[in-house]
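Reader: Could you walk me through some salt bridges and how covered their partners are?

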Amino acid sequence: MEGKRESIEAVSHEATEPMNRGVKRGQLRVLLGAAPGVGKTYAMLDEGKRLLGEGKDVVVGFVETHGRATVSAMAVGLEVVPREIVIHRGMELTEMDLRATLARHPEIALVDDLAHSNAPGSTYEKRWQDVDVLLDAGIDVISTVNIEHIESLGGVVEQITGVHQRETIPDRVLRNAYQTEVVDLAPQALRERLAAGVVYPAERIDAARANYFRIGNLTALRELALLWVADDVDNALQSYRAEHGIDSRWDARERVVVALTGGAEGETLLRRGARIAARSAGGELLAVHVTRPDGVRHPQTEGLAELRALTEKLGGAFHQVVGADVPRALVEFARSANATQLVIGVSRRSRLRAALTGPGIGATVIRESGEIDVHIVTHDAAGGRFALPGLGGALSPKRRLAGFALTLIGLPLLTWALVNFRSEESITTEVLFFQLLVVLVAIVGGIWPAISAAVLSGLTLDFLFVAPAFSLSVYEPLHLLALGLYVLNAALVSYVVDQSARRSRAAERSAAESELLATVTGSVVRGKGALQALISLTREAFGLTGVRLLAGAEVLKTDGEPAGNNKSTTVTVGDRANLELHGRDLDGSERRLLAAIVAQIEAALEHSDLTDTARELEPLAATDRVRSALLSAVGHDLRKPLAAATAAVSGLRSADDTWSDADKAELLTTAEESLRALAALLTNLLDVSRLEAGVLGVSIEPVDTEDAITRALDELHLGPAEVELDLDPTLAPVLADDGLLDRVVVNLLANAARFAPPGTRVRISTSALGETVQIRVVDHGPGIPAERIEQVFLPFQRLGDTDNLTGLGLGLALAKGFAEGMGGAVEAEETPGGGLTMVISLQAAERAEGKQ
């Protein structure tokens, strides 16, 4: 077959080759729409008329009016190339006559439906290939296409609409087009067009409105179309900038670059960058990691794979560049991407390290960024994982060491300065300077560095500045008292500092405890995954090596790996589990918090048990819904056939035998019909008794919808004169109970046939919407007021039925109960133009089984 295709193409190219020599290739303009009916064909013909008015040679190569009067009227006045007739399996099909269009050789050809598949036997398989030949011949082409037909978007469109699109065009066809324009129409306006019969004929309107043409679907498709064109415009802009050597930033759209190291703060930075990008329409998120050219991997880069996945999940793109100078590499990448924002994390370096090593990456990026806005984002991960602050000691060891360091450095420098500038009257100033040094040491390092500074500075003062100089002797008792007061002042100041630090640490501890309790409570509220979150939080909060939740010998949840020589503590969680803590013993305040966490773990276990119980009860609930619906209808349906049969038999047994043969036959027929209905009702009652005994459930299996519809038509003796079928032959089976589905279809079909006006037909259609199959029963009867739509599913809503020929008469309540028992639903909708549409929704069997 491929060889045949190649030979056909070779013949075609030979036919057009003389025309292509020295001919400039034509230009392709594409009118892109979000969905059928937005006005692409109308706009194409309107543009053709405009160009014709300007003196251009314009012909219609192919146009598909779909029976729309406005489109047909717009084509009037334009030259139309006759279509080519292709015979396929005895059927006449019409396609664009490529050879005739080439022979006519206009300046501009209007070719509708670029993604169309040509009939078998045509020169080319796809219409876009025909258009490519026209372009090679130097003919400009204006064409139309919907966003659903773009090959790369096929999967996305199927997720949105549930419809797999078979007719597609390669992305390159649109990317190489000279111009792509969006023919835009608001979703609600398009639905109004659809309801008015402008897009589809009346018999297709209701299914289209309920499936493909939903507001959500149309909005998503519209966004895809606009984004496609915006991306196309962006590529054109980048090409223009490159061709003209433009390096400055053009804020055509918001581009946010997030710098990642691979550390735990990466998630915070990415989410902040995504929020910034989302503030403007069409914002773009770019993540970048700079790798040093020596190839040495930083320990934090192990998390880059997770950050790459998160970037893609947020709709961004991940990039990795190599550069010895990290700040310069970041800025150069941001400029090359025409970025408007650059997001980096706050430095994790200490102030002392920053003072010793100079400005960090953040400061350099800000200095080099120029017109790019830089966001420096703080993050909890920079300080390590979440942990409660300890209560032991007021000041940290680092602060005490800093106090001693200040004493050892500051005291010699101060002494040197005072010795060089001393005078006979400067003793008071010298004392105050030494006192100031002691206060500073007390503020920085607390009581012990302050006392050390006080003693050393006092001895220095006495040795160098108090007579006799260069001696530690004290002649005046007042001098000794002054030295004591000097040390006392230092101790008091350091005590105040120590108490302040202690209270600050206690406040931090309280805030951390509150945060922990709030997080624990939120974990239980979240439900799913709460148990694992609580176990992980327990280990991190108390700095443990491992935490395990055990039910006997079974490990329910675990976080971390306890070492063999670590201490362990076991806490009872209710009456069904134990919590093992490995790593260290907890103090009193930590045990108080642990009790709160254990209570929440117990609640999470109870929530998990209830969820499992509810899942086990789901089949019983489905059976109960069926039984309830059946019992609610039996009491209503049993009376009429019983009364009719009794009356008929009583009449026949009457002593006054004045009945004619015709009367007797009618009475016998009435009795027979009524007894048949009673037998069916008794069968249903038997099924109910089996349901109550638990020996009869809803038997779910793959069922062909077409078979169920055929059985319903046979049961109701309905044919083509009463019912119109529009069944999808490619539809997957549904997961249903074969017998119950028959009863649902029979009920709805009988109801529709009963209310359909004379001369009209009930329409039954099937379609797929995602993982759901829908059976639609459409009538054009009196319909139901909007305020009564929900009431029709209540028991005994018979709307005036009085005859004895209505089948089992279980009502819409029973049909809804049966459908819900099978995991589906029955809904009522207004039929466009008047009437009622009943929609049966069931899960598709193939896709459902594929998930298991």
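Here are a few questions and answers on charged pairs.

Author: This is a predicted model, where local features need pLDDT of at least 70, side-chain atom pairs count only at pLDDT 80 or more, and totals for chains, interfaces and linings use all residues. Residues are numbered from 1 along each chain as its sequence is written, and side-chain values use heavy atoms, leaving out hydrogens and water.

Reader: How many salt bridges does the count come to?

Author: Happy to start there! A salt bridge here is a side-chain nitrogen of Lys or Arg within 4 Å of a carboxyl oxygen of Asp or Glu. By this rule the count comes to 19.

Reader: Is E580, the partner of R548, buried or exposed?

Author: The closest N and O atoms of R548 and E580 are 2.9 Å apart. Buried means under 20% relative accessible area, exposed over 50% and partly exposed in between (1.4 Å probe, protein chains only). E580 has 16% relative accessibility, so E580 is buried.

Reader: Which residue meets R711 in a salt bridge?

Author: R711 lies in helix α23 (residues 705-716) and its partner in helix α24 (residues 738-755), so the pair ties together parts that are 31 residues apart in sequence; helices are DSSP runs of H or I with at least four residues. The N to O distance is 2.8 Å, and the partner is D742.

Notes. Helices (H or I, at least four residues) and strands (E, at least two) are DSSP runs, numbered from the N terminus.
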